[in-house]
Amino acid sequence: MTDPRRETLRPTSTSTLSTVQSSITQGEAIERPSRQDAEEAVRTLLRWAGDDPTREGLLETPARVARAWEEWCSGYGNDPEEYLRRTFEEVEGYDEMVVLKDITFESHCEHHLAAIIGRAHVAYLPDRRVVGISKLARIVDLYAKRLQIQEKMTAQIAGAIQDVLEPKGVAVVIEASHQCMTTRGVHKTGVNMVTSRMLGAFREDSATRREFLAVISSTR
């Protein structure tokens with residue numbers, strides 16, 4: 001006999017599944033489980049791992065894990081345009097590169113939920129206006145505090161700055177260590193992944209690109 005619970009979870013067709021995936025991709029609202037549901041999921045995982053979630057050391061673990069993931073995934077509730085909307089035009093004609101280097105971040109891999117620890121370097125060439133430098137760090141954090149792959153995060157940061165500020169160019173380089181590689185699987189420690197995204201002048205002008213790379217490579 002077919003389990004009715006399985007029937008309710010099974011997509012009715014390939015097109016239905018595609019619609020659901022499209023909705024999620026486009027950022028439409030999806031039903032969010034309650035905090036109680038999240039904590040019960042942690043208890044299930046603890047039992048699956050072979051431990052007893054009712055023992056003293058684990059009694060508060062589900063609540064702690066839910067609070068931690070609330071912080072780690074806080075980027076879903078933020079809008080990059082809100083951070084970048086306020087700009088300043090009184091810059092005395094400044095039109096040289098603006099670089100914010102060594103922005104530390106913590107993210108989580110969307111494939112294994114393992115930590116990604118790294119730093120980002122962000123630059124843009126202003127076109128009439130600049131943004132407060134703290135906003136560049138906030139944009140990095142906004143995208144880092146979502147389930148990620150590093151390549152996508154790099155492109156998202158650069159794209160948000162380009163779309164909102166409309167500068168002459170944007171450059172983003174991210175260096176990070178992935179615990180899905182260092183603590184499981186191939187177990188290779190001391191390995192950093194480097195990704196970059198160059199837009200506008202940084203892509204088209206090799207001298208501008210070299211200047212940016214030289215700045216972020218210089219010793220502190």
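Figure 1. In β7, Met193 is the bridge partner of Ala176. What you see here is a predicted model, where local features need pLDDT of at least 70 and side-chain atom pairs count only at pLDDT 80 or more, while totals for chains, interfaces and linings use all residues. Residues are numbered from 1 along each chain as its sequence is written, and side-chain values use heavy atoms, with hydrogens and water left out. Strands β6 and β7 run antiparallel and are joined by eight bridges. Helices (H or I, at least four residues) and strands (E, at least two) are DSSP runs, numbered from the N terminus; two strands pair if DSSP finds at least two bridges between them.

Figure 2. Let's look at Val191, which sits in the loop between α8 (179-182) and β7. Leaving aside residues up to four places away in sequence, Val191 touches Ala176, Ser177 and Met181, a contact being heavy atoms within 4.5 Å.

Figure 3. As a reminder, strands of a sheet pair through backbone hydrogen bonds, either parallel or antiparallel. Strands β2 and β3 run antiparallel with nine bridges joining them, and here Phe105 stands opposite Gly118 in β3. Strands β3 and β6 also run antiparallel, joined by ten bridges, and Arg119 faces Glu175 in β6. How many residues of β6 are buried? In β6 (residues 169-178), nine of the ten residues are buried.

Figure 4. The chain holds one cavity of 30 Å³ or more, and the largest cavity has about 40 Å³ of space. On a 1 Å grid over the protein atoms alone, a cavity is a set of points where a 1.4 Å probe fits but cannot get out, and lining residues have an atom within 4 Å of a point. Grid points are joined across faces, edges and corners, and the volume is the space filled by probe spheres set on the points. Among the lining residues are Trp69, Trp72, Cys73, Glu106, Ser107 and His108. Both α4 (61-72) and β2 (98-109) supply at least two lining residues, and β2 gives the most, with three. By type, the lining has five nonpolar, two polar and three charged residues; Ala, Val, Leu, Ile, Met, Phe, Trp, Tyr, Cys and Pro count as nonpolar, Asp, Glu, Lys and Arg as charged, and the others, Gly among them, as polar.

**Figure 5. Leu113, between β2 and β3.** Leu113 lies in the loop between β2 and β3 (115-125) and is partly exposed, with a relative accessible area of 43%. Which residues does Leu113 touch, not counting residues up to four places away in sequence? They are Trp69, His108 and Leu147. Leu113 and Gln179 are 66 residues apart in sequence, yet their C-alpha atoms are 9.2 Å apart in space.

Terms used: On a 1 Å grid over the protein atoms alone, a cavity is a set of points where a 1.4 Å probe fits but cannot get out, and a pocket is an open set with protein on both sides within 12 Å along at least five of seven lines; lining residues have an atom within 4 Å of a point. Buried means under 20% relative accessible area, exposed over 50%, partly exposed in between (1.4 Å probe, protein chains only).
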